[in-house]
Each structure stands twice: as structure tokens, then as C-alpha cells.
Amino acid sequence: MSYITINFYFLIIALVILYYILPLKNRWTALLLGSAYFYFKAYKTGWWILFGTIIVTYLLAIIIDSKPLEKRKKLKQITLLIAIAVVALPWFAVKNGNFILSTLLHKNTIAWIAAMGMSFYTLQIISYLVDVYKRKIEVQKNPFKYALYVLYFPIIVQGPIPRYGDLGHQLFEGHRFNETKFVQGFYRIIWGFFLKLMIADKAGIVAAEIFDNYTKYVGLYILLAGILYSVELYADFMACVSISKGVSNLFGIDLTENFNHPYFAISIQDFWRRWHISLSSWLRDYIYIPLGGSRKGKIRKYINLGITFLVSGVWHGAGYKFIFWGALHAIYQIVGDITANPRNALYKKMKIKTDGPVILFIRRIETFIMVMFAWIIFRADHLKTGLKMIKNMFAFNPWILFNDSLFTLGLIWKEWAVLLASIALLIFVSAKQEKGTAITASLVSKPLAVRWLISMGAIILIVIFGTYGSGFDAQAFIYGGF
Amino acid sequence: MKKNILFFVKLIAYVLILACCLHFTNRVLTPKYYYDNEWPTTTTYTGFYEIEKNSVDVLFLGSSHGVAAFLPQELYNVYGIRAYNLSCEQQNLLVSYYWLKEALRYQKPKVVVLDCRMLFEYNKYEPLNTAESCTRKAIDYMKWSSVKREAINSICENDKNQTALSYYFPNIRFHTRWTSLNENDFFYSEMEQSAELKGYAPLYNYCGYEDYVPLDITSSADRATMVPLMREYLDKITELCSEEGIELLLVKTPSTFENVANYNIISDYADINGLAFIDFNQNEIYEKMEYDFCVDNNDGGHLNIWGAKKVTDYLGDVIKGIGVQSREDKQWELSREYYEHILQDCELVHITDCFEYLRAIEEDRYSIFISVMDDAESNLRDDIKDLLANLGLQRLNEITNRGSYCAVISEDFVDEMAGTELVRLAGSVRNGRVLYTITSTGSASEKGATASSIIISGVENSKNRRGMNIVVYSNETHKVIDSVCIDTCAEDTQLNR
């Protein structure tokens, strides 16, 4: 049951009715029921892995928080490590086991059973355990409420990765019906569909054609694939998050922001403050800062950065390409940090304003290009393939822009027009938001007829022009695969 | 609380309006095959619902062989029998069964004639024996009822590649249709008022197969194998007809695909179930109705309109013999003229003499487009000129030696242009719905090579040959029905096609 299937919305309708019918204090049970049903329906094979993880980590968290361990720090630390191992080791085995076995040890691979959403709930539970350990949060004594925190269905597949402190109370306290929030949630769901069906899945057709047949393409084709994959990944991921946030809004719940227009970033450091924010902040709080962050000198800072991005790479998938991708981002940041002062001095000497529109534009393009190169490695089948594609990008074939070659990549000109118009709309909306306009809030304040016209018009346009249905199998969200 | 109730009311209104918009969108996106198509499946089914209740005595069902073979208007004109043809392209027996069930909600036929082509393997890769797209063509235009729901369930049960949801929301199936929407997608309600040929699709070619041999049924005792699913639904049709007191008549039309083994197995089935079976490939029947495969078949499997007349006339005798009475009915009376027009359209494409042709196209229902290539003046005979003038052309004298000329003659206007260099006419017919662009460059042109072009609705139709290129568009059937060239420089008056 994907977030863009009709059955998912039947479930939502049923849950919304149930949620608001139940007494306030019991409303969380509707969410638990819906989450359990969603997980079981979507993923029957490995549900018991998550079920077991929930029970064990629930008990270990209670032990960590227990009075006897209060004064026995070592034992408390060991219990925490055991708890982290219980949740992280299965994830590591499933995600990286076969890479280690086949590529590093040259042994036969194992058919692991992976639980859906494993990468996301692993980080979510670790943050809960560490926060309980640090007494940042109170341990959840009700096993069903704890289960809801882990299982909460709008985020189990693809995040954002929540913190118990932010989400827990919202899940359990029960919300009165709030029309504004409900309508905003509805708009967010429509926006998610727009991003997924009008941008991600259309761009994905061309990107897949070039990446899957990379030996056939050089020059501008590769550049186009890189750009479109960057767009696809962003739109796809943001679509899922938008739907997750929208669905949560229907129950009066606010999820944390996971994106802040990452392709408007003016440096790689800025990019990571805007891209997959819940993961970046998790890595910052539970890897980078515990390692010492930037408090122990420049060299340690760079080492810590390297380790953090390597973890990020490994989290995204197994294989050299993900390690390389993580390392590349670390190198980008380290080089950026080292060259920051000389660059600023140069700008000063040349009397160029560092916050002027031209410089900002150049820095945005420069950052996008660096990110795009990394995405090419990320998307390619193997590291070698990715590097070869980047090398092949430097071939001269500008005529493909004029001789209709682009229309042979899976989209006819009308679909290209829809894709480009949709991307233009995304850029327009993002630019507005970047300037501080809250789009959904401003929509809600419009007269009823205008709101209805916009939302219905959007739905009809998506139904007509969207990429979905028979013949397409692009419904799975990309980040759901990590 | 009051606020929440108001929200609830707004929500209901929103859902209702959105549902209407989605319904309209889905209607636009669903493919349509009206009478301007070779196989007008949509017209067949939407037209069926236009027929008055309990006014049809004979129903035809089956594949495209049936669509092209059973001519209800001919049956009415000759025998006074009121019939409707519910056959369609690649109609498998499952679809035939559910359309029969659906038809019985509106009509009480006395006879059902079933074309048996799809009893045998047609497409082994398709779970329903025929293309999914053709099943959709037949089911999408069935009205919503328990019959349609049952049909969808049966289809999806037997064909796991199909989903019931895509029938409820056709946009799931036809999500790429927006790239090819045309006039009919927006004027569907207007197109759906027509049921003039009562489900029949006219074909007009002569196949010219001289090696077709009718079947000698005594030549073999072999039995072919029916596709199990098709056999299952044949049984259901038989049972349904028996329950409703309908005479079921099994038929195979003249076709190169038929053989004695097929004949034998259907014959056995008919004997066991007490049904009548007519195989028009059987030599006695073939001879009796004076069938000539060369000129009565459009191709190896489909009959042209003249073959259909022969088969229908033969069936008329059989149906009359079953006891179906003649009835006068305005629904078939009103379509007599249309049928005559269709016959004339079909005959037009076989006319080779230019005099006869120019007389035949002198009809208000045609829009005529003319464009000269090379030269149309040097040997342009006065008698041809007179016939062209009868069509409404007035500037024929302005055509110079090896000069350019183009013209359009439509319902309410005539437009002409002559010159020595490229001349161009652009405009529209049928109240702006059909755009055309005609250009002509005679060989006297010093600026460009000689050429003729007649583009109608974006499609080139000119023969682009020496002389006067003529394209005939029917305003009645909304399609180009012929394209010819009169070579005015040639000695004979034969048309070039």
C-alpha cells in the first residue's frame, strides 16, 4: 500500500472518521490501529522483525531509565550499547551484509529478510534510546504508545526521522478538529501528488533511460540525466514528505520540516542544512557532536566530518559508490572550509559583494553542479559506471538540443512541456517560500471559491497530465528503498 | 460544533463538485471510436442505448467479422426485421455474454445471431483470447449496473493484468490519452446521438483473393479445440438464451481463417444444444447466395458492404423462417437515407471514370478540396470543365498553362485561387472544426518545384500527381473518404488513385 494508491486514502478516510469520533484521550489508539494495519498490509513478510525490535527496545529503554541503573553509569552505558546494537545490527546485516560477504570476503550472499522502513525506524529508535539515556525525554512506559511512536504510518516508509520529544506528545495527546490545519494537510497531499506524478516520475523516465543505457550516451545527454535525476530525487522525496506531513495535518499533527529548498543552497554545508534535514540533524546530534564536532581543532573537525558523511553514505546503501558519495560530500565541505578565507579575501580585494545577487546565483549553480556530480555516482549502478559517466559528460554534442533527439528519450514534446512547466512552477513556489511566503497558509486565507478552484484545478491537471497508471511502475518512492 | 457542521457541508459539496469534474475528465480521456473510425465500437454501444426499449427483434454479437457482416438496415429494408449489431472488434465470448445480458435489460429479442470466430485461439498471449484494449472498447461504454460490475469482476478474475479500479477510474488506464485528444473527445455527446447503421461498420475494398475455396464439410472428420474460457461463455450464452426463450443462431462468416475442423466442432455443439448453425464458408451456402470472395470480401476475414448485404439477405430468410415478424419502425425508417449515402460513399472509391466521379461527388454532404500539380490546363476538356463548374467552381478559366490552382467547395462556400507561383488556401469546414490548408505550385513556377498539398486536420491527403488532385471529405461521417487525381494531360479519362 503505497502513499499514492487509492487504498491508502480509503484507510486515511476511515482513520480520520475514527480519530475524531473517539474521545480525545483515546484518539491515539486510532493512529496505532491504522499504523499496524498499514504496516501489515504493506509488508507481510518481515513485520515480526519490527515487532520484535519494538518489544526489545521498549524493555531496554525502561531498564536504561530504571533507578538501579541511575548510579551504575557503566552498566547503563552497556545497556544503551546493547540496545543500540539490537536495533542497528539487524539493519547493518540487511543493508551491508551482502556487500561485505560478496565484495569484501568473496563469499556467497544471504537472502536477508528486511523489514519495511528499517533504515528510518533504526535511527528513530536510536535517538529515542540515547535521549532516554541522557534524560532529555521521559521513557514511555505504555508499550502501545511506544509502538505507535515507532510505527506511525505516514513516516514509517520514508521519514522524516522524528524525535520522540517532537512527535511523541503530538501522537498521544489527541487533537480537536482544526479546519485550517485539516485544509492545509489536504493542500500538502495535493502538492505531494504534483511533485511525484508531474515532476519526479516524468523526469525519472528520461533519467532511467540514460542511466540504464549509459554506454549509448555522452555529452549533454549525461548532463541532462544528471540534472533530471537531481530533480527527480528531490521531487520524489519531497513528494513523500509532503504527503506524510499532509496526512499528519489531517490528525492535527505537525511533522518536522525535512527540506528547505536545498537547490537554493549556496554551499555544500548550506545544502546539508536544507536537504533531508531530519537525517542531517540526526547525524549531527548522534554522530558528529558525540565525536567532538568542531570543538577539538580543525583536523579533528575534518575527521569527524569524514566519519559522519561515511555513515551517511553507508546509511543510504551498500557498496563503494555510497561510500564514495559520502566521502565526496565530506571532501566538498572540507575543501570549502579550507578555501573559505582565501575566497572571501579575494572577493574583498575585487570589491565584490559576497551577498550580491550575481555571486549568490553563481554559488547556487556551483553548489548544484557539485551536488549533481555526486548524485550521478549515487544513481549509477556502480562507482566505476558513475565515474565513467562523469568522464563521458565532457563530450561535445550540442546539436541534440536542436534535432529532436531529446524526444527519443521516453517523453514526447508535450510531456517535456508539462515537465518543464511543472519544474518552473516548483522553482516559482520555492522562490516564494525562500522569501518567507507561507504558501499553504496564504492559500487557506483566500476566498472559498478561489481555494476550491485552485485545489480542484490542481487535482484535475494531475489526473490528466500526471505520469501514473497502466504501463508505469514508478509508484515506489525512491527513498523508501534506502 | 456549528463550525464543524458547516465544514462537513462544505466537504460534501466539494466532493460532489470534484466527482463531477473527475467524471467529465474521465469521459474526455476515455478513447472514442465513433462512426468516423473504421471500427466504430463506441457508436455501436452508445447508439444501442438510444434505441427505444423493446424495439429490437434480432441481436447480433461477435467479433469484427460480425461487425462487418451483419447489416441491420439491409435486414429492415428487405425483410422489415428490426435488428441491432452489438459485435465489435475482437469481441471474445465473455464480452459477448455480458453484452447480451446488458442488452436484455433494454430489449426482448427473439433471435440472437452469434459470430463464432473467437471460439478458437486468436491470441494465445491474452488471457481473454483477445486484446485487452478491445475488451475495454466494449466494456467502457456499457452503462453502470450490476451487469457491468459482474463483467468487470469476471474480466479481472480471468485476466490478472487488468484491475477493476481502472474501470471505475478510466484515467488510470488512459493516462496518456491527453497527448492525442481530438474533436470527438470534446463533442462526444453530439457524436453519441448517432446510431444510424445500428452497429454495422461498412468496409468497401475488394480483397481480390482468387484462391479462396469454400469448405467441403465432408472432406474431414477432424474436430478443432475451442478455447476453454470461450467454450465456458458459449455455454452461458446458450443457457441465457434458453432461459429467455431466445433462438440462438451460430454463424461463421466467409473467411480464409475457417476450416472443416472448426465447422465440425461447432456443428457438434449446435446438435447437442439444439441450435442452428450456419457456416457461410460451406460450399452449398456459398454457392446459394452467389458469393464471390474476390469482390465481396474486404480482406481475408472481413466482408465488404456488398458481401454483408448478401450474408444479411441470407440470414433474413432464416430469421423470417424462425418466425420474426416484419414491423415498421421509424428508427430504421429514418436511417434509410443515411444507409444509402454510406453505400454511395463506398461505391465512390471504386469509380474510375472521371465523368462519373465528378457527377457522384456533386453532393452537399461532401466538402471537396482541389489542388493542381504540374499542369491542369493544357488538355482540360470542356466537358470536364462543365462538370467542375457544376460543383460550384467559377474561376477555372483563370488556370494558366502549367499554372497553379487550388479550390475548396463546402456546404456554404466556394473558395478558389489561381496564379503562376505557389497559391495557398487555408480555412475550415464544419463550422471551424476541420482545418485545411491547400497549396498548389504549377510547373510554370520559377520560385519552387511543382507540388500539390491538401492537408485536412493536419493530415496530408493529396495524391500529389500531375493534374487535378481531388480530396473528398464527408461532412456526414466526418472523414476523408477518397483522394484521386484527374490527369488532364492524359488521353483517357480514368482517375489515378
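Reader: In chain A, what share of the contacts with a separation of 6 or more comes from residues 24 or more positions apart?

Author: This is a predicted model, in which local features need pLDDT of at least 70 and side-chain atom pairs count only at pLDDT 80 or more, while totals for chains, interfaces and linings use all residues; side-chain values use heavy atoms, without hydrogens and water. Residues are numbered from 1 along each chain as its sequence is written, with chains lettered from A and ligands numbered from 1 in the order in which they are written. Taking a contact as heavy atoms within 4.5 Å, residues 24 or more positions apart supply a share of 75%.

Reader: What is the radius of gyration of chain A?

Author: Chain A has 19 helices and zero strands, as DSSP runs numbered from the N terminus (helices: H or I, at least four residues; strands: E, at least two). The globule rule (2.2 Å times the number of residues to the power 0.38, for a radius over C-alpha atoms) gives 23 Å for 482 residues, so chain A is as compact as a globular protein of that length, with a radius of gyration of 23 Å.

Reader: Which strands stand at the edges of the open sheet in chain B?

Author: The five strands are ordered S2-S1-S3-S4-S5 with parallel pairing, where two strands pair if DSSP finds at least two bridges between them. Strand S1 (residues 58-61) and S2(B), for instance, share three bridges. Each edge strand has a single partner, so one side is left without a neighbour in the sheet; these strands of chain B are S2 (83-85) and S5 (276-279).

Reader: Which residue of S2(B) is the bridge partner of B:Leu59?

Author: Strand S1 of chain B spans residues 58-61 and runs parallel to S2(B). The bridge partner of B:Leu59 in S2(B) is B:Tyr84.

Reader: How far is the sulfur of B:Cys346 from the closest cysteine sulfur?

Author: A disulfide is a pair of cysteine sulfur atoms within 2.5 Å, and the count over all chains is zero. B:Cys346 is buried, at 4% relative accessibility. The closest cysteine sulfur, in B:Cys207, is too far for a bond, at 15 Å.

Conventions
Buried < 20%, exposed > 50% of the residue type's maximum accessible area, 1.4 Å probe, protein only.
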